[in-house]
Number of protein chains: 2
Amino acid sequence: MARALSHFNGKTILLSLSKSNPFPPSSSSSSHRRMIVTTAQTQSYWSSIESEIEAHLKKAIPVRPPIPVFEPMHHLVFAAPATKAPALCIAACELVGGHRAQALDAASALHLMHSAAHAHENLPLTDQPKPKPAIHHAYGPNIELLTGDGIVPFGFELLARSLGPAQNNSDKVLRVLIEMTRAVGSLGVIDGQYQEMLGTQSDGRKLSDVAWIEHVCKKKEGESHACGAACGVILGGGSEDEIERLRSFGVYVGMIHGMMNWEGGSEGLMEELERLRGLALKELENFSGRQAEAISCLVEGSLCNV
Amino acid sequence: MARALSHFNGKTILLSLSKSNPFPPSSSSSSHRRMIVTTAQTQSYWSSIESEIEAHLKKAIPVRPPIPVFEPMHHLVFAAPATKAPALCIAACELVGGHRAQALDAASALHLMHSAAHAHENLPLTDQPKPKPAIHHAYGPNIELLTGDGIVPFGFELLARSLGPAQNNSDKVLRVLIEMTRAVGSLGVIDGQYQEMLGTQSDGRKLSDVAWIEHVCKKKEGESHACGAACGVILGGGSEDEIERLRSFGVYVGMIHGMMNWEGGSEGLMEELERLRGLALKELENFSGRQAEAISCLVEGSLCNV
């Protein structure tokens, strides 16, 4: 199978160029122009969402006294590599007719949970199975442990304060909160981290087993993207059917992004990515408009700089 | 100053026997008998609450598949030394006329948060300033880190599911949730852990400074007991005034329990405990009945085996 280098999520990876290539290059110059326009619009859509989430987080976590508490918190929140889960939360909210402001707290909380998980994943514990990748530690392990521990309740607080009782949406906020506790908890992201740890402690064969990689990515990235998408629809006032479609779409997006960023890679990975992309797009069939186009771009690696 | 050994929270400590002794022995045989009766009733009251919380937690976290997730979670939740914060939550709810069931999820969530904090406090990190006290580690550091990380969202989930929307209490549940995120977060328990870590890394002088010990205990134990008491009143339908009185009482109870369990001790500690006990009892002045008596016993170390 012919392969070419492509760029996805800031990382150069191998893409298959077979007939069923998940990210085919455009075949004519007119469709190529159309795609460039679409891509530019889509990128600007995602950028605007991400700027708003960042601004919201910066306002929520200013560097203020006590400095030893808020400085590391601020640092670790913005040091974590961004994922598309928070932005997907807002896009899903807008897709079903909701307003961006309705999903901003939930989206920010999702990034907070992710940044805490990232900080803890890189803690130097005494039973570390292998040296952690050389990531920069601005603070000592104890501070990073405690700061991660502090970010999680703060994320739930941000969510619980979301819009407030005056808006009469307490039931929705509680539902979103439960979605989030499950996605980031022991049967979600933490299960993924646990499975990955077991894999790295094993003889190494697991690390190139597609089914295993897929399971880890489903838990680590799939659950959080699914949660983001589902919560966006809930907050935007979508139907139960729309919630479940976007939830499924989110799982596939997260898995695709996780698998494309997988260190090392594996022979059957590209075929599996193609399959997941097809499943993801199927979930969007009943949606149309600018948001649906932008959201579908999340699985079109070579078209969007996502 | 004369001192005698007394027993509080399962630990032998020094108690002053001065005129202003916070826990004076009874002076006559009739009052001694009355106290024994009161003590027995009070102990049975606290025991019944604690049994219900334990049963509720055992039901919430059964050892079920996936075993590698739920077994360590179950273990760490029940391995953490009990505090009175969860039981105080239920007693405070009953004090203002609420039913025990209304506060059971919040009380259990409080213990979950405490057990996660306890697990993380004892993680062997590579920058540990001094060897941790010889506590038994049933699992490796990575598992204990991830399990602690999983317990916290589970606690919030338990709370968010509390009684459910059918009971039309979403606003109360969200309020309690925000109380809890603040108590266990960066300005609460985690600040206490951070301050304690700084103290143990210092030259050791801080460790016997009463003002410093008091601050650490206020954050570590005070905030969680205050939260338990306030949340109990909120869920039991108490007034804002009752919420604030019980919150203040909770702070003092937590501080007293934390300071009495302090490793090493300090010369001025007993006088400070007396002062705090007086302040605590003052907050209960407007309450009466069996619950008020039982609650006041939380600061009467020699009378109750709390």
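This is a predicted model: local features need pLDDT of at least 70, side-chain atom pairs count only at pLDDT 80 or more; totals for chains, interfaces and linings use all residues.
Residues are numbered from 1 along each chain as its sequence is written, chains are lettered from A in the order in which they are written, and side-chain values use heavy atoms, with hydrogens and water left out.

So how much area do the two chains bury between them? About 4,000 Å², and 71% of that is on carbon and sulfur atoms; buried area here is the accessible area (1.4 Å probe) that two parts lose on being put together, summed over both. On the chain B side, L125(B), N142(B) and L146(B) supply 14% of what that chain buries against chain A, more than any other three residues.

Two salt bridges link chain B and chain A, a salt bridge being a side-chain nitrogen of Lys or Arg within 4 Å of a carboxyl oxygen of Asp or Glu. You can look up the one that joins the side chains of E157(A) and R182(B), at 2.8 Å from N to O.

Turning to the aromatics, the whole structure holds five aromatic pairs over all chains. Rings of Phe, Tyr and Trp (its six-membered ring) pair if their centres lie within 6.5 Å, and planes over 60 degrees apart count as edge-to-face, under 30 as stacked and the rest as tilted. W212(A) and W262(A) have ring centres 5.8 Å apart and planes at 85°, so they are edge-to-face. Because W212(A) sits in helix α8 (residues 210–236) and W262(A) in the loop between α9 (240–260) and α10 (269–283) of chain A, the pair ties together parts 50 residues apart in sequence. W212(A) is buried at 7% relative accessibility, and W262(A) is buried at 12%; buried means under 20% relative accessible area, exposed over 50%, partly exposed in between (1.4 Å probe, protein chains only).

Over in chain B, Y45(B) and W46(B) also pair edge-to-face, 5.7 Å centre to centre with 65° between the planes. Y45(B) is buried at 1%, and W46(B) is buried at 3%.

Note on methods:
Helices (H or I, at least four residues) and strands (E, at least two) are DSSP runs, numbered from the N terminus.
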